[in-house]
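Subject: Structure handover

Hello,

Please find the structure below, followed by notes on what was found in it. Keep the sequence open beside the notes while reading.

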Amino acid sequence: MTINPDAKMEESQNGTEIYSTDPLVVKSTYSIDYIHSYAQDSEFFRALGKKKLMGSRCKKCHYGYATPRSHCMMCGAETEWVELPTKGKIHSYTTCYFGSEVFLPQTPFNLVLVEFDGFDSLFMARLIGAEQEDMYVGMPIVAKFKRLQSFSPTDVYFVPAKGSEQPSSSNGKKKRR
Amino acid sequence: MKHKGRKVYMVSGGVTKFAKSTPDMDFRLRVKKAFDYAMNDVNLTLEDIDGSVASYFSDHFQRQLMAGIMVQDYLGLTPKPSKRIEGGGATGGLAFQSGYEAIASGRMDTCAVYGFESMSHVNTWKGNEFIALASDTNFDYPVGGFYTGYYAMMAVRHMHEFGTTVEQLAKVSIKNHANAIDNPYSQSPMKLTVDDVRKSPMVSYPLTRLDVCTMSDGAAVAILASEEKAFEITKHPIEITGIGTGTDTMRLADRPFGKVPLLPNEKASDYKNLKYPGIHSFRAGRTAAKEAYAAAGITDPINEIDAVELHDAYTSSEVQTYEDLGLCKYGEGGQFIDEGKSKLNGKVPVNFSGGLLACGHPVGASGIMQGVFMFWQLQKTIKKHFKSDKLQLNNPRRGLIHSHAGTGTYVTVSVMEVPK
Ligand SMILES: [Zn+2]
């Protein structure tokens with residue numbers, strides 16, 4: 001046994017950043033690396049590298065998912081992977097002028113929900129090559145794939161199809177604020 | 001669904017004024033203040049409380065796991081039963097209903113439901129990131145996770161489907177911020193014009209800064225009781241006559257295009273060509289309303305409900321929710337606000353308190369705050385608690401509170417009534 005009444009805790013010179021003293025508000029930092037498995041969704045992310053957009057279809061009721069899921073929400077049966085067409089249409093859209101901290105440097109950016117012929121559900125993606133006032137519901141758009149994969153759903157993005165400009169007379173709906 | 005449990009009443013409530021940042025108080029002290037307000041209002045002591053439900057959304061904001069037990073501890077409620085309820089933006093509504101269930105089942109005679117959120121520990125854009133983590137992190141979050149963006153796409157589709165206009169959305173902001181002028185608990189009382197709303201900075205088209213609520217620090221407490229206990233505690237308890245909860249797919253992209261679940265006042269022929277819910281409507285909201293209406297015996301909502309406090313995190317979601325609740329038919333939400341039906345002096349005042357838009361949205365507290373404001377409204381004690389009776393309705397008998405999560409993933413509806 002080593003009893004030492006003179007023991008002294010080691011000091012650190014790191015210090016602490018303080019925002020205010022009354023009340024006392026200090027900076028505390030938190031960061032983690034996650035070992036994130038795409039698990040049953042893995043095929044979708046791998047396929048993007050082969051320039052393929054994968055959805056899924058229920059083996060039993062044939063409901064078609066433009067965002068894949070391995071089991072059907074309609075009947076509970078297993079689905080199978082199916083390739084989506086690369087051409088779709090805007091189901092809805094927005095332009096984000098602000099965003100979450102990680103995405104702030106990318107603002108403004110366009111988000112679209114895409115509908116595909118023969119599929120029952122939608123797919124969310126970024127759209128480039130058009131500004132807010134150029135987009136409209138029903139606009140034909142085309143999937144493009146990044147050459148350098150980051151294994152993120154942003155490995156695929158959409159651009160307007162050729163000749164997809166909105167007819168100028170369309171309902172007089174001008175999309176500017 | 002028929003609810004066969006015991007009758008449940010609300011006997012008291014308390015709210016802290018929500019604020020952007022309150023570094024002088026942590027979440028425990030904030031809840032304590034709301035709790036003491038509620039306890040003192042009806043002279044309760046700690047022995048009178050059988051147990052509790054803790055309501056808070058995010059562990060990220062606080063960076064404190066098990067914050068619920070810290071509140072339980074601080075309030076002096078240990079070792080009584082308690083649990084934490086979490087369901088995104090609907091956390092408060094779900095916790096309120098969990099308290100209802102504790103009483104209805106006979107497990108407890110009194111239950112304190114306390115809600116809180118401390119969102120000021122991180123900056124607004126980091127806060128938005130945390131909130132966006134409540135979207136599918138495989139498919140949605142990495143694409144540009146931003147809740148205002150998701151709601152903006154729903155609003156665009158509502159506009160496309162039904163011809164709703166940005167001016168109609170702006171009118172919701174004008175109404176709620178104006179109501180807030182007479183609510184001392186509100187954070188941003190304002191007189192606004194359509195122009196003010198449209199010219200404020202665009203966040204996600206078509207939603208501007210004034211179409212969106214603010215993150216806040218805050219706490220709210222509702223005390224619920226069984227019939228026997230309720231009338232011992234106060235002469236004016238308010239009965240909770242029905243609760244309902246609905247859910248929907250996590251991803252907006254997965255919403256089906258099917259048929260409208262009809263309320264008693266609707267016919268299938270009303271919606272012949274409507275693909276439902278798509279992304280323009282909240283199937284969870286409709287499902288919650290249907291269950292709550294069946295339990296409370298409501299068959300004609302617009303004529304049988306006197307006041308509504310609903311989850312207006314966005315002006316567009318208030319318009320969408322008019323329709324889900326059957327205050328008007330699907331597609332008529334824009335017209336409903338145009339006609340002034342949801343104004344303070346309208347057919348059914350919606351968000352007389354100013355709602356989340358003007359009071360703020362400290363997630364776990366918001367749904368309980370609605371319960372407290374509605375309780376005071378039905379008790380006719382607005383003057384006592386707001387120091388002004390401008391927001392007191394004439395003779396309200398039945399109120400509805402509505403709490404909403406995600407892109408409409410969990411939604412709760414609870415009906416509160418003056419006992420007959
Ligand atoms: Zn199926």
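Thr208(B) is buried, because its relative accessible area is 0% (buried means under 20% relative accessible area, exposed over 50% and partly exposed in between, with a 1.4 Å probe and protein chains only). Thr208(B) sits in strand S6 of chain B, residues 207–208; helices (H or I, at least four residues) and strands (E, at least two) are DSSP runs, numbered from the N terminus. The side chains of Thr208(B) and Ser200(B) make a polar contact at 3.1 Å. A polar contact is a pair of N or O atoms within 3.5 Å; within protein, one must be able to donate a hydrogen and the other to accept it, and residues adjacent in sequence count only if both atoms are side-chain atoms. Leaving aside neighbours within four places in sequence, the residues in contact with Thr208(B) include Val197(B), Ser200(B) and Met202(B) (contact means heavy atoms within 4.5 Å).

This is a predicted model, in which local features need pLDDT of at least 70 and side-chain atom pairs count only at pLDDT 80 or more, while totals for chains, interfaces and linings use all residues. Residues are numbered from 1 along each chain as its sequence is written, chains are lettered from A and ligands numbered from 1 in the order in which they are written, and side-chain values use heavy atoms, leaving out hydrogens and water.

Next, the sheets. Chain B has an open sheet of nine strands in the order S3-S2-S4-S7-S1-S8-S13-S12-S11, with mixed pairing; two strands pair if DSSP finds at least two bridges between them. Its edge strands, S3 (82–85) and S11 (307–309) of chain B, each pair on one side only. From one strand to the next the twist averages 25°. Within this sheet, S1 (residues 8–15) and S8 (residues 238–247) of chain B pair in the antiparallel sense over three bridges, and Met10(B) has Ile238(B) as its bridge partner in S8(B). Helix H11 of chain B, residues 283–296, lies across S8, S12 (398–404) and S13 (410–417) of chain B and runs at about 145° to S8(B). For such angles, axes are lines fitted to C-alpha atoms, for helices over the stretch in contact, and angles run from 0 to 180 degrees between N-to-C directions.

Chain A has an open sheet of three strands, ordered S4-S3-S5, with antiparallel pairing. S4 (64–65) and S5 (79–83) of chain A are the edge strands, each pairing on one side only. S3 (residues 54–58) of chain A is joined to S5(A) by five bridges, and Ser56(A) stands opposite Trp81(A) in S5(A).

Gly99(A) lies in the loop between S6 (87–96) and S7 (109–115) of chain A. Gly99(A) is buried, because its relative accessible area is 0%. Not counting residues up to four places away in sequence, Gly99(A) touches Leu104(A), Thr107(A), Trp125(B) and Phe146(B). The C-alpha atoms of Gly99(A) and Phe109(A), ten residues apart along the chain, are separated by 9.2 Å.

Last, a helix in chain B. Ten of the ten residues of H13(B) are buried, so H13(B) is largely enclosed by the rest of the structure. Among these buried residues are Thr315(B), Tyr322(B) and Asp324(B). After H13(B) comes Gly326(B), with a positive phi near 75°.

Regards
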